[in-house]
Amino acid sequence: MIELKVMIVFDRVSKVYPDSSVALEEVTFSIEPKEFISIVGPSGAGKTTLLKLFLGEEKPTRGVIYYESVNVHALDKKEINEFRRRVGMVFQDFRLLPNKTVYENIAFTMEAAGRTDEEIESDVPHVLELVDLTPKIWNFPRELSGGEKQRVAIARALVNEPEVIIADEPTGNLDPVNTYDVVQILKKINNLGTTVILTTHNKGIIDSLNGRVVAIEQGRVVRDDKAGKYFK
Amino acid sequence: MFWMKLKRIIRTGFFNFWRDGTVSLASVLVMMVTLMVVGLISFSGAILDITLLELRNKIDINVTFVTSAKEEDILNVRHALESLTEVSLVTYVSRDEALTAFKERHSSDQSILSALDELGENPLGAVLNIKARDPSQYASVAEFLEGGNALSSDGITIVDRINYFENKAAIDKLTHIIASADRMGFALTIFLAIISVLIAFNTIRLTIYIARDEISVMRLVGASTTYIQGPFVVVGIIYGITAGFLTLLLLLPLTYWLGSTTESFFIGFNIFSYYLRHFLEIALIIVASGVFIGAISSLLAIRKYLKV
Ligand SMILES: Nc1ncnc2c1ncn2[C@@H]1O[C@H](COP(=O)(O)OP(=O)(O)OP(=O)(O)O)[C@@H](O)[C@H]1O
Ligand SMILES: [Mg+2]
């Protein structure tokens, strides 16, 4: 049975891609509200797949994913849109809209959530200031460096004040100073009451966070430490 | 909420049209080809109609009466013919008028004229020229005359001959040609229309295919279907309107240039003056087709990428 205190549950989730490569096998763990959880594992372990399943971009082959006791994959189109607006996602490959400026990329997410023009005009510069990108507000993604694109992606995930932030390798392209900044931002947001799910290879981050770590290898959960360190 | 959404969708559509400059230009050009075909179809319809009308007007039958027939009896026949629904026009040519016309026709042939003079009296009978509403109806008109409706008061037939029976083969053939030209024109129109719409549809599909990754990202940040689809439909409509106006402009010099050619080829039909006279009608057809094709193509093409 699902406890009330639990926010997200992966219940024996398996994913086999159409080319029959097994990305996840019987993954089971749950996440509490306001938790800061890191998912670690070598490349190809299935971390991105896990997040795609959560956001409904891919369907699990077996198993169920619950968000606040609701099966995410049983939602209809309209409900899944509403669910996605409550989640802020930072994609590993950024996935910015190439024909929109930095401002418009972030504004689009707010428009999609039905926010007013006044809110958009005041919140977009604010969130860009938070990720230190104010000078690039009118640039297109192709005019930004990898790290700058990553920060736009983070700003976009933050701007709707979601209940959960999912960050897939958000520091992959950043130098140590920027990495530290991003982690500080995520920590701050977590302190304000947002659940954070972070995937990373970066040992330093895990050690400095000193929080819960779920390790995945070849599609299986091999370790779940309440205050873990990154062990290879 | 509705107006805010609509405003944003339209604004985004205009932005996208403008930013994807080259793609928009290519799409508008392809759409222009499609709309040009639509325009030419409406012209060819008019040309066909006018040619057919012209041909139909050329068909008639002549009833020649015996020289002894009384004018009164002939006028009775004329009256009876005019009351038939198949008949559109009956013209009476009296004996004297027939003679004058005959002399005029042969004014250069001295031997015929002198032979006429030698004869002393008018050898020509009066004629009723009959035009039917439709070529296929001449048979029943001829039958009507044959069937004893053209008798003098003493019950003798006053009809000398009816040239329908002489021309029957030619009339049948023409009727047949007109009917098949009508059918062929229709089939060709449908065929051309389908081809050109498919070309426009595929072009728009390509532009949406280019944006497929963007569409999936929009989905993943929780944008609703209408909110993603809307701007694409707006862009499709802008393609249609732009291409429509450019096509209308381009048709001006084109029809002007073709004008004198069509005039000598299809009697009395000048494509340029036809275009000017029916401008509003043609403009409506072309722009509305553009808008319709653009919007529907976008709607259909994007559906595939909204599944995420
Ligand atoms: N669309 C797909 N079709 C087929 N196989 C896929 C697909 N996406 C991922 N995979 C496979 O699933 C496995 C897990 O991939 P995933 O992207 O989840 O790994 P990851 O843990 O995020 O790796 P990384 O740290 O490099 O980002 C890999 O073996 C990968 O090749
Ligand atoms: Mg990954």
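**Salt bridges, charged surface patches and a magnesium site**

The side chains of A:D123 and A:R115 form a salt bridge in which nitrogen and oxygen are 2.9 Å apart, and A:R115 counts as buried, its relative accessibility being 15%. A further set of residues, A:E35, A:R212 and A:D224, is joined into one network by salt bridges that share partners. The model described here is a predicted one, and a search of the whole structure finds 18 salt bridges over all chains.

Within chain A, a salt bridge is also formed between A:E57 and A:R95, whose closest N and O atoms lie 2.9 Å apart. Because A:E57 is placed in the loop between α1 and β4 (62–67) of chain A, and A:R95 in the loop between β6 and α3 of chain A, this pair ties together parts that are 38 residues apart in sequence. A:R95 has a relative accessible area of 16% and is therefore classed as buried, the limit for that class being under 20%.

A salt bridge with an N to O distance of 2.7 Å brings together the side chains of A:E104 and B:R19. This pair crosses between chains, running from helix α3 of chain A, which holds A:E104, to helix α1 (residues 2–19) of chain B, which holds B:R19. The two partners fall into separate accessibility classes: A:E104 is buried, with a relative accessible area of 18%, whereas B:R19 is partly exposed, with a relative accessible area of 27%.

In chain B, B:D20 is located in the loop between α1 and α2 (21–58) and is partly exposed, with a relative accessible area of 27%. Although B:D20 and B:T207 are 187 residues apart in sequence, their C-alpha atoms are 9.4 Å apart in space.

Charged residues also gather in surface patches. A positive surface patch is formed by A:K77 together with B:R205, B:R303, B:K304 and B:K307. One of these residues, B:R205, is found in helix α7 (residues 164–210) of chain B, where B:R205 is partly exposed, with a relative accessible area of 41%.

A patch of negative charge on the surface is made up of A:E129, A:D132, A:D175 and A:D181. Of this group, A:D132 is located in the loop between α4 (117–130) and α5 (146–158) of chain A. The relative accessible area of A:D132 is 58%, and this residue is therefore classed as exposed, a class that begins at over 50%.

The magnesium ion (ligand 2) is coordinated in chain A by OG1 of A:T48 and OE1 of A:Q92, at 1.8 to 2.2 Å. These two residues link distant parts of the chain, since A:T48 belongs to helix α1 (residues 47–55) of chain A and A:Q92 to the loop between β6 (87–90) and α3 (102–112) of chain A, with 44 residues separating the pair. Both are assigned to the partly exposed class: the relative accessible area of A:T48 is 27%, and the relative accessibility of A:Q92 is 38%.

Conventions: Residues are numbered from 1 along each chain as its sequence is written. Chains are lettered from A and ligands numbered from 1 in the order in which they are written. This is a predicted model: local features need pLDDT of at least 70, side-chain atom pairs count only at pLDDT 80 or more; totals for chains, interfaces and linings use all residues. Side-chain values use heavy atoms; hydrogens and water are left out. Patches are made of residues with over 30% relative accessible area and no salt bridge: like charges are joined within 9 Å, nonpolar side chains (Val, Leu, Ile, Met, Phe, Trp, Tyr) within 5 Å. Accessible areas come from the Shrake-Rupley method with a 1.4 Å probe; for residues, only the protein chains shown count as cover. A salt bridge is a side-chain nitrogen of Lys or Arg within 4 Å of a carboxyl oxygen of Asp or Glu. Lys and Arg count as positive and Asp and Glu as negative; His and the chain ends are not counted. The place of a charge is taken as NZ of Lys, CZ of Arg, CG of Asp or CD of Glu. Helices (H or I, at least four residues) and strands (E, at least two) are DSSP runs, numbered from the N terminus. Buried means under 20% relative accessible area, exposed over 50%, partly exposed in between (1.4 Å probe, protein chains only). Donors are N, O and S atoms within 2.8 Å of the metal (3.2 Å for Na, K and Ca); water is not among the atoms, so sites may look incomplete.
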